[in-house]
Structures are given as C-alpha cells and as structure tokens.
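This briefing is meant for a reader who is meeting the structure for the first time. Please keep the sequence and the 3D view open while reading, and look up each place as it is named.

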Amino acid sequence: MTWWRDAVVYQIYPRSFRDSDGDGVGDLEGIRRELDYLVWLGIDTLWLSPIYPSPMKDFGYDVANYVDVDRLFGSLEQFDSLIRDAHAKGLRILLDWVPNHSSSEHPWFLESRSSRTNSRRDWYVWRDAREDGSMPNNWVRAWGEGSTWTWDGASGQYYLHCFLDSQPDLNWANVDLRLAMHDTLRFWLDRGVDGFRMDVVHLLGKDLEVDDPDDLKVLSHVPLNDVPVTHEYLRGIRAVLDEYDNERVSVGEVYLMDPNRVATYYGRGDELHLSFNFASLYTAWSADAWRDLIAATEAAMNPADAWPTWVMSNHDNVRVATRLEDDDRRVRAAMTLLLTLRGTPFLYAGEELGLRDATIPPDCVVDPGGRDGCRSPLPWDLDEPHGWPATPWLPFVEDASRFSVQAQRGERDSMLHFTKTLLDLRRRDDALRRGDTEDLMASDGVLRFIRNHEGRRVMVVVNFSDVHAEVAVKGRLLLSSAGGARAGRLAPGEAQVIEL
Ligand code: GLC
C-alpha cells in the first residue's frame with residue numbers, strides 16, 4: 001500500500017502555529033519544537049503553507065524566490081533540521097508549491113516586464129489592449145473586485161493575474177518556464193521533502209480565447225478553469241516526482257466542485273497522486289447531503305487510481321466548528337466523518353482542538369481575501385499570551401484558554417483527546433484506513449456506511465438530527481463521540497464507530 005493512502009495530513013499555516021523568536025509570527029523552529037506534540041496526537045504527515053521569501057501580499061502565496069526560506073520563518077539550515085528531526089520521528093513533510101503565479105517581485109517577473117524583447121517576457125502572460133485601449137477581456141480576478149489584467153505602461157501591454165496584481169500568472173505554455181519550475185521541485189526533493197501540496201493547479205493551462213462569459217460571479221477566475229492542456233503540464237510535473245525514490249507525493253488544489261471533474265486530475269496514475277475535493281467544505285450539515293457527496297465521490301473515485309481526500313477546514317475557509325455554529329456535538333461528529341471516510345484526511349492545525357474562527361476587529365484585518373478569522377494563532381498555553389512570546393500577528397479566538405492545548409491535554413474528555421482517540425483507532429484499523437465503502441445510506445437524519453477490508457467490517461453511524469435515533473445493528477462499539485454506551489443507540493448529534 002502506498003504510504004500516502006494511509007497517511008493523515010496535518011496542515012500547518014506557519015505564521016500561526018508556533019513563534020520561537022518573539023516576532024509575533026510563527027516559524028520553522030517553532031514547528032520543530034512541537035514535533036513531539038504532533039507525534040503524540042497521531043498524525044504522520046505535515047503540509048506547510050508557503051515558507052518562501054515573499055512580500056506577503058497574499059501571506060506567502062506570492063513567492064519571490066521558490067528556492068529559499070523567508071527570514072521571517074527561518075533559514076534553509078533550520079529547514080534542514082526540521083526535515084531531519086521530523087523524519088527521525090517518523091513524520092513526513094510536504095511543502096506548498098505555488099506554480100500558477102509568482103510575486104511581482106520575483107526576479108523573473110522583473111525581467112519579464114523590463115521589455116517586450118526580454119528573454120523571459122514570455123514566462124508570464126502578456127496581451128495587447130483591444131483596439132479601443134480596453135482590456136483583452138472581461139475576466140475578474142479572485143476576491144471579487146477588479147480585472148485579471150493590469151496595464152504595464154512602460155512596456156505597453158497588459159499582464160494576467162488570476163489573483164492580486166502583485167501575483168502575475170506564470171505562462172506554462174513556455175517550455176523554459178516549465179523546466180525552471182521543475183527545477184524548483186528538484187531543489188526541495190533533493191533536500192528530502194516528501195512531496196508537495198500544489199496551489200490552484202487546475203489553473204495552469206489557460207485558454208485565452210474564452211471571452212466575456214456570463215457566469216463570472218460563480219468563481220471569479222472561472223473561465224480559466226479546467227483547460228485540457230493542464231493535464232499535459234501535470235504529467236510533466238509527475239515525471240519529476242517519479243525521478244525520486246520513496247514515492248514523493250503531489251496533492252493538487254483543484255478548486256472544482258464536481259468530484260467527476262476532480263477525478264480527471266489523477267490522470268491514469270500519471271498526474272496528481274491526490275487531489276482536494278472541496279465540496280465537503282460547502283456541504284450542508286445533513287445526512288442526505290453527506291450521503292450524496294460521499295456517493296458522488298465514491299462513484300467518481302472508485303476503484304482505479306483515484307484515491308479520494310477529505311477536508312473540513314483550511315486556511316481559506318471558515319473553520320468547521322464555526323460553520324457548525326459552535327455545536328460541539330456536531331464538531332465531534334464531523335471529525336469522526338473526516339477520519340473514517342475512505343480517503344486521505346487533511347486536518348487543519350487547531351481542528352484537533354475544535355478551534356473556531358477568531359473575530360477580527362476592523363483595524364486588525366490584513367488579508368485581501370477576508371480569511372483572517374481562520375488563520376488566528378494556535379493557543380498553546382492556558383494563560384495569556386498562550387505560549388506566544390510576543391503579541392501575535394492576528395488576534396486569538398475568543399475564549400482561547402478553553403481551546404488551548406494545555407487545557408485540553410489535561411482533560412480526558414476534551415476535543416483534543418477525542419481526536420487523538422480517533423486517530424489511534426484509525427491507525428490500528430485496516431478497515432478504517434483501507435476498506436471499501438459499502439451500504440451507504442441516510443434515513444431520518446441518520447447517515448451510515450460500512451468500511452470493509454478483507455472481511456473486517458466496521459460501521460460508522462452519524463446522527464445528524466436533534467432527536468435520539470436507533471439503528472438495528474449487532475456489533476461492538478469502538479467509539480462514541482458522545483459517551484454513548486450501546487451500539488446503535490444514538491443521542492442527538494452522536495457519531496459511533498462499530499465493529500460488526
Ligand atoms: C490558493 C491558496 C490561497 C491563495 C490562492 C492564491 O487558493 O490556498 O491561500 O490565496 O491560492 O495563491
């Protein structure tokens with residue numbers, strides 16, 4: 001079995017995890033010091049959001065150098081120590097690779113914009129104005145306002161940016177650009193990274209002939225989504241990973257809501273190893289809606305080469321606990337689903353604590369995309385400043401003491417211990433990690449399915465409703481999210497894992 005199918009990935013947003021040097025921003029050394037916590041918790045793979053030098057207009061997703069570490073986070077030497085120590089403790093590390101765009105401060109872009117004849121001009125996407133001087137088309141950039149085109153007066157053309165004007169899109173149609181980007185992967189693979197989460201990879205291919213569509217509001221850069229040539233670029237990227245031993249893995253951010261479209265990004269085992277399936281972030285909390293999503297995912301990604309992933313929270317979206325209106329029963333049930341569905345789960349740091357989004361006062365807002373709430377710092381200690389040596393870059397969640405690691409480690413019944421128990425159960429149980437999904441059904445607000453691996457059958461039952469529920473089942477209760485004692489008898493909001 002390939003390791004990444006068995007893995008549980010834990011996303012660290014480095015700015016918000018652990019600050020070792022007292023500048024209010026988390027760093028690599030902070031992560032290194034908490035490796036034992038992560039081993040204790042029971043995850044096995046870390047994904048670090050970008051750590052590269054960056055002007056931080058998009059907090060690191062605007063990369064000014066793909067092959068170094070921003071001083072804010074530390075140094076290459078500290079990165080090497082982190083990898084070494086992580087591997088020694090049995091943890092793998094994935095970096096976040098941002099191939100669709102760089103920062104406008106990247107030397108490649110400075111060269112590209114310097115003149116129309118520069119040898120790197122074509123590494124970015126440049127277009128003439130229309131005859132009347134207007135933009136090449138009406139595409140709208142991410143986060144709602146403004147065009148994807150910005151005029152460069154000096155060289156007299158527009159450049160394309162799906163995101164901020166300080167994030168010009170790279171031109172993957174240019175072979176030299178592709179080779180240069182492949183080398184940035186090799187730089188980190190040579191240093192021992194176990195793979196990459198790949199930012200908005202569905203955008204790599206561009207069809208600039210798509211003009212003035214009507215549905216721009218659905219997702220601002222929708223006309224650029226899902227162009228066939230992207231698959232060719234992904235095969236090139238996969239070939240680089242395949243040059244290395246130990247199965248270096250790619251996890252693509254494919255921001256398409258249809259699992260059937262997402263499934264095409266696995267290719268024939270020659271594109272992405274894994275892809276995000278983001279519909280889970282937007283699925284209503286109801287047994288029927290989850291049955292439909294699981295069924296659609298199973299149909300799109302079964303059996304074949306496409307192994308699903310599951311995610312409830314990340315650095316771009318409202319945290320699951322906030323989405324579920326702070327209802328602890330639901331938050332535990334959601335964690336049960338995340339860790340028992342067929343596929344590789346992705347936990348976002350703090351999810352193990354049931355962390356909510358912080359309320360961000362207007363004068364503390366820093367993100368152009370309005371995502372500060374889910375990026376608020378992890379509270380480590382009970383007492384203020386919660387293990388942060390200086391005031392962190394964003395405010396803590398309200399009631400941070402209650403959510404802190406210290407408080408929850410000391411409480412057997414905490415969300416943290418619940419998550420750890422689930423992770424331990426999953427690690428020991430082949431059915432939960434590898435089993436097929438069978439007998440998926442939802443009725444009267446109760447969802448259930450069976451995971452079956454070579455005859456070992458484990459049932460997962462989730463009561464989405466606000467009333468007690470009974471499921472006729474004979475088996476041994478392995479875990480209840482609500483202290484239940486009888487297999488099949490569920491309190492409102494309770495989830496159970498039952499060995500059949
Ligand atoms: C992805 C990242 C997001 C970033 C955007 C542009 O969606 O997850 O944080 O802002 O790409 O790089």
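Predicted model: local features only at pLDDT ≥ 70, side-chain atom pairs only at ≥ 80, totals over all residues.

Elsewhere, the chain forms an open antiparallel sheet of five strands and an open antiparallel sheet of three strands.

**The ligand and its surroundings**

- In the side chain of R371, an N or O atom is found 3.0 Å from an oxygen atom of the ligand.
- The ligand would expose 310 Å² if it were taken alone, and the protein buries 96% of that area.

**The sheet of five strands**

- The strands of this open sheet follow the order β12-β13-β14-β18-β16, and their pairing is antiparallel.
- At the edges of the sheet are β12, residues 436-443, and β16, residues 476-480, each of which pairs on one side only.
- On average, and with direction ignored, neighbouring strands of this sheet are turned by 20° against each other.
- Within the sheet, β14 (residues 456-463) and β18 (residues 495-499) are joined in the antiparallel sense by five bridges, and V458 has E499 in β18 as its bridge partner.
- Helix α14, which spans residues 415-428, lies across β16 and β18 and runs at about 140° to β16.

**The sheet of three strands**

- Here the order of the strands is β4-β6-β5, again in an open sheet with antiparallel pairing.
- The edge strands are β4, residues 126-127, and β5, residues 149-152, and each of them pairs on one side only.
- Strand β6, residues 157-160, runs antiparallel to β4 and is joined to β4 by two bridges, while β5 and β6 pair in the antiparallel sense over four bridges.
- Y158 in β6 is the bridge partner of R127, and Y158 is also the bridge partner of W151.
- The hairpin of β5 and β6 has four residues between its strands, and in this hairpin G156 takes a positive phi near 70°.

**Backbone places to look at in loops**

- The peptide bond that leads from E384 to P385 is cis, with an omega near -5°, and P385 itself belongs to the loop between β11 (344-348) and α12 (400-403).
- V200 has a phi near 30°, which is a positive value in a residue other than glycine, and V200 is located in the loop between β7 (195-198) and α7 (229-242).

Conventions. Residues numbered from 1 in each chain as written. Heavy atoms only, no water. Polar contact = N/O pair within 3.5 Å; in protein donor to acceptor, adjacent residues only side chain to side chain. Areas by Shrake-Rupley, 256 points an atom, 1.4 Å probe, with all protein chains shown as cover. Pairing = 2+ DSSP bridges. Axes fitted to C-alpha atoms, helices over the stretch in contact; angles between N-to-C directions. Contact = heavy atoms within 4.5 Å.
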